[in-house]
Every structure is written in C-alpha cells, then in structure tokens.
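Okay everyone, thanks for coming. I'd like to talk through the charged side chains in this one, so let's get it up on the screen.

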Amino acid sequence: MSITRARFAELLGFAPPEIGLISSSEEHVEDYVVEHLRLRIGEEDVRGILAKPRGATGRLPAILYGHSHGGGYAIGARELLDGREYLVGPLGPVFARAGYVTLCIDMPIFGERATVSENFAAKALLWHGKSLFGQMLSDHAAALTYLESRDDVDPTRIGAFGLSMGCVLSYWLAALDDRIAAVAHLCCFADFRTMIELGAHDGHGIYLTVPGLLREADGGTIAALIAPRPQLICVGEADHLSPPLAVERAWAELVPAYAGAPGKLEKVSEPGIGHQETLRMREAVLAFFGAWLG
C-alpha cells in the first residue's frame, strides 16, 4: 500500500488558508521570551503562543509544536507553557533554552477556539466529505508559513513536534510539506486498520476520522512520505491508544522508505509505559533536533 502526497492532500481536503499577523506582545519570563500572538488564519482570528531564547540574534532553528487533545478543550496552545499531565513538563521553556523559536496555535475547537463541541464541528464537515483533522492540518500549515516568515527564524531549519493528537499533526504535516526539515512525534504512531481490529480506535476522538483514507494509506505509508528527512518516533509499549501490534505493523511499512537514508529514522520504545512522555523520550527529542536542526 502506498499513496502520493497529492492524493493524501486530496483525501484530507488539505487547503492551507492565508495567514497574517494581527498583533504581538512580548512577556519576559526568566531566561526566555514569550510572544502572545493574534493571527488571522483565513477568516478567523487565532491565538498563537511563541517561546524563544532571550537575547539571541540572527536566524534561529524553529519548532512547530502541535498541541495534544486529552479532552483538554480549554487548553490548546497554552500547553506550550503550562504542559499537560502526560508530559514531563512544559516544552516551550525547554526548547527556548535549547535555542529554538517554538510556535503553537489553538487548533479548531481548542483553547480560544473552543466555541463548539468536537462532535458538532466534525459531523458538519463529514457531511461535506471533509474532516476536522484536515482543517486542523490546513491551519497548522498556515502556522508554518507564519513561522518561516519571521526574521528570527531560519526557514531551512524548522522541525515539527507533538504528542498524541500533536503527534499525528506533526508527522502528517511533515508528510504533506517539505518545509518541515525534521519531525519528532510521540505516542500516536500506529497502523489504524490494526487499531480498528483491536478496538483501540474508539479511544480517539472523531476529529481524526478521514473518510476513505484506509483504502489507500495508513500510519506507516503516510510516515513514509517524510523520507528521507529525519524522523524520530517515540512510543510506550503499554499505550492502549497505540497498541504494540499496531505500532509494529506501521513501523514495518515505514522502514523500507528509509533504506537509502541510514541514521535518519529512529525509534524509542519504552517498556511498561503508557500514553505519556518519559525522560528518555525527552532526551532523545532534544538530541534529535540538536543533530538535525543545529
């Protein structure tokens, strides 16, 4: 099974809208800076939160951060600064101290955009043959356009990162968009056909349902579109949302795509760990971005 990038985009209804900066205000916090952004994405005003090193000059490497779901509809982009219970700690400050400019926006139905329920938004789009996740990915690509346009960002050194919903946002966007130079994703890489077979799909929200996708592609073949760009995959072997068999099958489909790119595909698999980040995963992510984004 394989799919072209163009066909994948078509199934998603992937159509990144125009983006522009409405306003920005800076907050100096300890040894890093937070920018509170108002972005115009298509016809909507969207909150963005950006963390960056204090006092840095020139063009820096950057990370597009996809926030997670976890039922935290009110949180959205605040995850970058506040963290979540399944993260070791907030990553915005960590990435800033490591020298990265990191941006996260509220996805539709999250944060300041939590004006309707997930079911309300997803069902309306599904009736039109579209998906909520396609809309999320389109907005995420728009955020990437803004990030690469900044004077303090090196557009050739932009990575993507996320856990859970953010994991899928990150590696699916990297599959669609070569502007992502390297991607590290945690706790949601799996073969969706196997997840359905095992009943694990029901633990995920309806936002992720893409009509007709599994006739043509799955987790491994989507991730294969990223090759030969560097990719780090972190999983917990006791994660009921991404069962080991589903991870194993997706990994088997992905590995051949990197046959000509030794060292660019990595996996961290943690025994006894569920749907959460670990210190080992965090260390691997920082080392990975350090190696590929500088």
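**Charged pairs and a buried arginine**

Let's start with a group: Glu-26, Glu-35, Lys-52, Arg-150 and Asp-152 are joined up in a network of salt bridges. By salt bridge I mean a side-chain nitrogen of Lys or Arg within 4 Å of a carboxyl oxygen of Asp or Glu. The general idea is that side chains of opposite charge can pair when their charged atoms come close.

Quick housekeeping. This is a predicted model, where local features need pLDDT of at least 70 and side-chain atom pairs count only at pLDDT 80 or more, while totals for chains, interfaces and linings use all residues. Residues are numbered from 1 along each chain as its sequence is written, and side-chain values use heavy atoms, with hydrogens and water left out.

Let me pick out a few pairs. Take Asp-45 and Arg-40: they form a salt bridge, and their closest N and O atoms are 2.7 Å apart. Asp-45 counts as partly exposed because its relative accessibility is 40%, and Arg-40, at 33%, is partly exposed as well. For those words, buried is under 20% relative accessible area, exposed is over 50%, and partly exposed is in between, using a 1.4 Å probe and protein chains only.

Next, Arg-78 meets Asp-82 in a salt bridge, at 2.9 Å from N to O. Arg-78 is partly exposed at 28%, and Asp-82 is partly exposed at 46%.

Then there's Arg-179 with Glu-148, a salt bridge at 2.9 Å, N to O. Which parts of the chain does this pair link? Distant ones: Arg-179 sits in the loop between α6 (165-176) and β7 (182-186), Glu-148 is in helix α5 (residues 132-149), and they are 31 residues apart. Helices (H or I, at least four residues) and strands (E, at least two) are DSSP runs, numbered from the N terminus. Arg-179 is partly exposed at 24%, and so is Glu-148 at 25%.

Last one: Arg-113, in the loop between β5 (101-105) and α4 (118-127). Is Arg-113 buried or exposed? Buried, because its relative accessibility is 6%. Its side chain makes a polar contact with the side chain of Asp-139, at 2.8 Å. Leaving out residues up to four places away in sequence, Arg-113 touches several others, including Glu-44, Val-46, Gln-135 and Asp-139; contact here means heavy atoms within 4.5 Å. A polar contact is a pair of N or O atoms within 3.5 Å; within protein, one must be able to donate a hydrogen and the other to accept it, and residues adjacent in sequence count only if both atoms are side-chain atoms.
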